[in-house]
Amino acid sequence: MSPRSLTLHPDVSLAETDDGAVLLHQRTGRYWQLNPTGVLVLKQLLDGRTHDQAAKELTARHRAAPDAAHRDVSRLVDELRTARILVESR
């Protein structure tokens, strides 16, 4: 079985800024700011790439250690899922 892709929750809007992006959950009124690295990871995931692929891209672009990149991607996904920003595609 292939992993399900991630998408933004239907009530979340994304606005890119000069410093990254802002995510607003319109139902709760809560918002999150992402730095450019967080935006890179989020876009990779929203484009259907896996956690591993997003971590490899992070490693390639920012010369991050592979283990650290995997941890960072997992932590970001966990936090955005907990906040109901990211949900699995149907």
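Guide: The count comes to six salt bridges, a salt bridge being a side-chain nitrogen of Lys or Arg within 4 Å of a carboxyl oxygen of Asp or Glu. Side chains of opposite charge can pair when their charged atoms come close. The model is a predicted one, in which local features need pLDDT of at least 70 and side-chain atom pairs count only at pLDDT 80 or more, while totals for chains, interfaces and linings use all residues. Residues are numbered from 1 along each chain as its sequence is written, and side-chain values use heavy atoms, with hydrogens and water left out.

One of these pairs joins glutamate 57 to arginine 61, with 2.5 Å between the closest N and O atoms. The two residues are four apart in helix α2, which means that about one helical turn separates them; helices (H or I, at least four residues) and strands (E, at least two) are DSSP runs numbered from the N terminus. Glutamate 57 is partly exposed at 24% relative accessible area, whereas arginine 61, at 53%, is exposed. In these terms buried means under 20% relative accessible area, exposed over 50%, and partly exposed in between, for a 1.4 Å probe and protein chains only.

Helix α3 itself covers residues 66–82, 17 residues in number, and reaches 24 Å from its first C-alpha to its last, close to the expected 24 Å (1.5 Å times one less than the number of residues). Its buried residues are Ala69, Val73, Leu76, Val77 and Leu80. Because they cover an arc of only 95 degrees around the axis, they lie on the same side of α3; the arc is that of the directions from the helix axis to the C-beta atoms. These buried residues pack against β1 (6–8), β3 (20–25), β4 (31–34), α1 (36–46), α2 (51–62) and β5 (86–88), contact meaning heavy atoms within 4.5 Å. The other side of α3 has Asp67, Arg71 and Thr82 exposed.

Alanine 83 lies in the loop between α3 and β5. Apart from neighbours within four places in sequence, alanine 83 is in contact with His25 and Trp32. Just after α3, arginine 84 adopts a positive phi of about 60 degrees. Another salt bridge links arginine 81 with glutamate 88, at 3.6 Å between the closest N and O atoms. Arginine 81 is partly exposed at 34% relative accessibility, as is glutamate 88 at 39%.

As for the whole chain, three helices and five strands follow the pattern β-β-β-β-α-α-α-β. The radius of gyration is 13 Å, close to the 12 Å that the globule rule gives for 90 residues, so the chain is as compact as a globular protein of that length; the radius is taken over C-alpha atoms, and the rule is 2.2 Å times the number of residues to the power 0.38. Buried residues make up 34% of the 90 residues.
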